[in-house]
Amino acid sequence: MRIHLTSVFVEDQAAALAFYTGVLGFVKKHDVPLGGGARWLTVVSPEQPDGTELLLEPSGHRAVPPYKAALREDGIPAASFAVDDVAAEYERLRGLGVVFTQEPLATGPVTTAVFADTCGNLIQLVHAP
């Protein structure tokens, strides 16, 4: 068993695609119109084009706004992305205007940082040996 797909809820799929590809560096994998302006829109790591897909899922369901608000309020990331060097990625993303809610923090062998994805989510960067 492998993880094939996971998702983050986004208010605006076009803006999310621009952020996740233009700023974070993911690449678009699927973009299928679903009707009503919604799309099946996924991105992947350019390092693993056949790896796990991230669905930029519309936030239209009534349960999504309170769920996202509760996560943000409690500082809980909606997703976690692995990087080789959290400090370097932190500096790169800050240089692109990304707002961090947690600067790089080493806790034993794991280093994390948390940023706002401009789509209503907190995202964690992590490096673990």
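User: Is A82 buried or exposed?

Analyst: Burial is read from relative accessible area, where buried means under 20%, exposed over 50% and partly exposed in between, with a 1.4 Å probe and protein chains only. A82 is exposed, its relative accessible area being 71%, and A82 lies in strand 5 (residues 79–82), where strands (E, at least two residues) and helices (H or I, at least four) are DSSP runs numbered from the N terminus. The model is predicted, so that local features need pLDDT of at least 70 and side-chain atom pairs count only at pLDDT 80 or more, while totals for chains, interfaces and linings use all residues. Residues are numbered from 1 along each chain as its sequence is written, and side-chain values use heavy atoms, leaving out hydrogens and water.

User: Which strands does strand 4 pair with?

Analyst: Two strands pair if DSSP finds at least two bridges between them. Strand 1 (residues 5–10) runs parallel to strand 4 (residues 53–58) and is joined to it by six bridges, with L5 opposite E53. Strand 3 (residues 38–44) pairs with strand 4 in the antiparallel sense over two bridges, and V43 has L54 as its bridge partner.

User: Which residues of helix 2 are buried, and why are they on the same side?

Analyst: In an α-helix, with 3.6 residues a turn, residues three or four places apart point the same way. In helix 2 (residues 64–73) the buried residues are V64, K68 and L71; they lie on the same side because they cover an arc of only 65° around the axis, taken from the directions from the helix axis to the C-beta atoms.
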